[in-house]
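Please read it with the model open beside you.

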Amino acid sequence: MLAILAVTFPFFALIGIGFLAARTKILPIEAVPGLNVFTLYFALTAMLFQLGARTPIRELLDPVVLGVWFLAGILVMGIGVFTARRIRKSWLDSSFGGLIATLPNSGFMGVPLLIVLVGPEAAGPISASLIIDIVFMQSIAVALSQRGSGEHHGIWPEIKGSLIRMAKNPLPWAIVLGGLWGWAGLQLPGPVDSLVTMLAAAATPAALFTIGAVLAREQGTAPPGRIRTGVRAWGDVYWLAALKLFAHPLLMWAIGRAAIAAGLPLGETALNVLVLTAALPAAANVSVLAERFGADNGRIARVILVSTILSFATFTVAVALLL
C-alpha cells in the first residue's frame with residue numbers, strides 16, 4: 001500500500017496545491033482559463049500524440065475495449081438519468097447528472113497517472129476510452145438534455161453542435177493522428193520531436209494543477225446562499241459521486257469479466273486499466289458543458305469536488321486490489 005501511495009499521493013497533492021493556489025489568490029482566478037488552454041491544447045495534446053505514435057493502431061481502436069467501455073458507460077449514464085428523473089429533475093439536469101456520473105477525468109488525470117502505475121501498455125485502453133467518451137457519451141448526454149425543452153428545432157441541431165464541439169477537442173485528434181503517424185512509421189524531425197517531448201513532459205504537473213485551480217474557481221463562483229443551506233443544497237451530489245466512484249468501476253469489472261468468460265479477446269491488463277479509468281473522479285470539463293447549456297452547474301461542480309476528494313482513498317484501494 002505504501003508503494004501505491006508513493007505514486008498516487010503526488011498526483012492528488014498537485015491537485016490540492018492548484019486548489020490552494022487559486023483559493024488563496026496566489027494564482028488569480030482570471031489566469032485559470034489560460035492555464036486550461038495551455039494544458040489542453042499544447043501539453044496534453046503533445047503527450048497523447050506521443051502515446052498514440054508509440055501504441056499499435058489495433059490497440060487504440062480495439063473493438064472489444066471500445067465496446068465494453070461504451071456498455072459500462074451507457075449503463076451508468078442511464079442509472080444517473082433515471083434516478084434524477086425520479087426526483088423530478090428536468091431532462092437538462094438529469095442528462096448532465098448522468099454524464100457527470102459517467103465521464104472520468106481521463107485526459108487531465110488518468111493518462112499520466114495510469115502510465116506511471118501500469119506502464120506504456122495502459123496507453124491503448126485509456127486512449128480508446130477517451131475516444132468513446134468524447135465522441136459518444138457527451139453527444140448522447142447533450143441530445144438527451146434537449147428533451148422537454150419546449151423548443152421545436154429538433155434533436156439534430158444539438159447533435160450537430162455536439163459533433164462540432166467534439167471536432168474542436170484536440171485530445172481525440174492527437175490520439176488518432178499519433179496512431180496514424182506511428183502506423184506509417186514516420187519520425188518527427190529532431191528539433192520538432194524535442195519540442196513535443198518538452199510539452200509532453202509538462203502535461204502531468206500542468207494538468208493536475210489545473211484540475212485543482214478549476215475546482216477552486218467553481219467553488220468560488222457558486223452562490224453562497226445555496227452553500228449555507230447545508231446538505232439539502234447538495235441534493236443528489238453524493239449519489240452521483242457514488243455512481244462515479246463505485247458503480248462505474250464495478251460495472252466495468254463485471255462487464256469485462258463477462259466478456260473474457262465469453263471468449264472475447266480482452267486482456268487482463270486492458271481490463272484493469274479500464275476499471276481504474278472508471279474509478280477516476282468525475283471530469284472537470286462537464287462543468288463547462290453544463291454552463292454552456294444552462295444546467296445546474298453548482299451541482300455538477302460539487303460532484304467533481306466530492307468525487308475528486310474521495311477518490312484519493314477509493315482509487316488507491318482500487319489500485320491495491322487490481323495491480
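1. A term before the details. A polar contact is a pair of N or O atoms within 3.5 Å; within protein, one must be able to donate a hydrogen and the other to accept it, and residues adjacent in sequence count only if both atoms are side-chain atoms. Now look at H248. A polar atom of the H248 side chain lies 3.3 Å from the backbone oxygen of T102.

2. What you are looking at. This is a predicted model, in which local features need pLDDT of at least 70 and side-chain atom pairs count only at pLDDT 80 or more, while totals for chains, interfaces and linings use all residues. Residues are numbered from 1 along each chain as its sequence is written, and side-chain values use heavy atoms, with hydrogens and water left out.

3. Confidence. pLDDT is the predictor's confidence in each residue, from 0 to 100. The chain averages 87, and 89% of the residues score at least 70. Treat residues 223–233 separately: their pLDDT is below 50. Beyond near neighbours in sequence, this stretch has 6 contacts in the model (contact means heavy atoms within 4.5 Å).

4. Overall make-up. The chain has 16 helices and 0 strands. These are DSSP runs, numbered from the N terminus: helices are H or I with at least four residues, strands are E with at least two. Of the 323 residues, 53% count as buried. Buried means under 20% relative accessible area, exposed over 50%, and partly exposed in between (1.4 Å probe, protein chains only). Among contacts between residues at least 6 apart in sequence, 85% join residues at least 24 apart.

5. The setting of H248. Helix α13 (residues 237–261) holds H248. Is H248 buried or exposed? H248 counts as buried because its relative accessibility is 0%. Leaving out residues up to four places away in sequence, H248 touches W69, A72, G73, V76, A101, T102, P104, L243 and A278.

6. Salt bridges. How many salt bridges does the structure hold? There are 2. The term means a side-chain nitrogen of Lys or Arg within 4 Å of a carboxyl oxygen of Asp or Glu. Side chains of opposite charge can pair when their charged atoms come close.

7. The D236 and R299 pair. The side chains of D236 and R299 meet in a salt bridge, at 2.9 Å from N to O. D236 lies in the loop between α12 (231–234) and α13, and R299 in helix α16 (residues 297–322), so the pair ties together parts that are 63 residues apart in sequence. D236 is buried because its relative accessible area is 8%. R299 counts as buried too, at 3%.

8. The R257 and E268 pair. R257 forms a salt bridge with E268, and the closest N and O atoms are 2.9 Å apart. R257 is in helix α13 and E268 in helix α14 (residues 268–278), 11 residues apart. R257 is partly exposed, with a relative accessible area of 29%. E268 also counts as partly exposed, at 41%.

9. L215. This residue is in helix α10 (residues 190–221). L215 is buried, since its relative accessible area is 6%. Neighbours within four places in sequence aside, L215 is in contact with I15, F19, I304, L305 and T308. The C-alpha atoms of L215 and A284 are separated by 7.8 Å, and the two residues are 69 apart along the chain.

10. Two backbone points to check. Most residues other than glycine have a negative phi. K25 is not a glycine, yet its phi is positive, at about 70°. K25 sits in the loop between α1 (2–23) and α2 (32–54) and is exposed, with a relative accessible area of 58%. R88 also has a positive phi, near 70°. R88 sits in the loop between α4 (63–86) and α5 (91–102) and is exposed, at 79%.

11. The surface. The chain exposes about 14600 Å², with 70% of it supplied by carbon and sulfur atoms. Accessible areas come from the Shrake-Rupley method with a 1.4 Å probe; for residues, only the protein chains shown count as cover. V176, in helix α9 (residues 170–183), counts as partly exposed at 32% relative accessibility.
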